[in-house]
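Please keep the sequence and the three-dimensional view at hand while reading.

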Amino acid sequence: MVPAIKRSSNQIKLIAPYTNNYAQYYIGGISSSASVIGVRADFNQLLHLHLKTGRFISYLDKKQLYCVIGSDLAKKIRARVGNPIGKQLLLGKFMFTIVGVLQPWPTNYLIFIDVNGGVFIPVSSSYYLSKQTSITSVVFRLGNKPDL
C-alpha cells in the first residue's frame, strides 16, 4: 500500500506509515497504559521529533524489542529508576529496551498520537502486541512547491 501511495505522485518526498495501539506497561513499580506507536526510521524526520538522549528506531531494528519514549513518560520513569536509557520496559507481554528519549513535542492537532506520553517501537514489532494491529495512518511530506 505505502509504495503505491508514493508512486502515485512524484510530489511525495517522504512517507511513513504507522500503527497506533494502547498497551499496559510496567517499569520500576510504575504500571499504567500508554499509546504505542509502531514506526519506521523516517518517522521522526517527518514529524520533526528530536532526541533528548539516545537514538531513534532504525531500519536495522526490524522486529527487535527496542523502544523510544516520549518526554512525559521519561519524566515518570526517571523519577523512579533514574536514567531510562538501557532500562527494560514491560509492554504488554514483551520486554522492550529503552534506546531513546524524545524532547518535548508541541501539540499538533493534525496528528492523533500522544508523542510526549507515548512509546515508539519498530512497526514490525507492533504486531506482537495485538492481533488487531494494522497500519491505519500514513504521514507524508510533499516537495517545496506542490501542485494542489
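In strand β7, Phe120 is the bridge partner of Ile37. This bridge belongs to the parallel pairing of β2 with strand β7 (residues 119–122), which runs over 4 bridges; two strands are said to pair if DSSP finds at least two bridges between them. Helices (H or I, at least four residues) and strands (E, at least two) are DSSP runs, numbered from the N terminus.

The model is predicted, and local features need pLDDT of at least 70, side-chain atom pairs count only at pLDDT 80 or more, and totals for chains, interfaces and linings use all residues. Residues are numbered from 1 along each chain as its sequence is written, and side-chain values use heavy atoms, with hydrogens and water left out.

The protein chain as a whole contains 4 helices and 8 strands. Along the sequence these elements follow the pattern α-β-β-α-β-β-α-β-β-β-α-β. The radius of gyration of the protein chain is 16 Å, close to the 15 Å that the globule rule gives for 148 residues, so the chain is as compact as a globular protein of that length. Here the radius is taken over C-alpha atoms, and the globule rule is 2.2 Å times the number of residues to the power 0.38. The C-alpha trace spans about 50 × 30 × 30 Å along its principal axes. Of the 148 residues, 44% are buried, where buried means under 20% relative accessible area, exposed over 50%, and partly exposed in between (1.4 Å probe, protein chains only).

Strand β1 (residues 12–27) pairs with β2 in the antiparallel sense over 9 bridges, and Asn21 stands opposite Val36 in β2. The two strands form a hairpin with 2 residues between them, and in the turn Gly28 has a positive phi of about 50 degrees.

Within strand β1 lies Thr19. Thr19 counts as buried because its relative accessibility is 0%. Leaving aside neighbours within four places in sequence, Thr19 is in contact (heavy atoms within 4.5 Å) with residues including Val36, Ile37 and Ser126. The side chains of Thr19 and Ser126 also make a polar contact at 3.0 Å. A polar contact is a pair of N or O atoms within 3.5 Å; within protein, one must be able to donate a hydrogen and the other to accept it, and residues adjacent in sequence count only if both atoms are side-chain atoms.

Aromatic rings complete the picture. Rings of Phe, Tyr and Trp (its six-membered ring) pair if their centres lie within 6.5 Å; planes under 30 degrees apart count as stacked, over 60 as edge-to-face and the rest as tilted. By this rule the count is 4 aromatic pairs. The rings of Tyr18 and Phe43 have centres 5.3 Å apart and planes at 65 degrees, so this pair is edge-to-face. It links distant parts of the chain, with Tyr18 in strand β1 and Phe43 in helix α2 (residues 43–47), 25 residues apart. The rings of Phe43 and Phe120 have centres 6.2 Å apart and planes at 45 degrees, so that pair is tilted. Since Phe43 lies in helix α2 and Phe120 in strand β7, the pair ties together parts that are 77 residues apart in sequence. Both Phe43 and Phe120 are buried. Tyr18, Phe43, Phe56 and Phe120 form one aromatic cluster.
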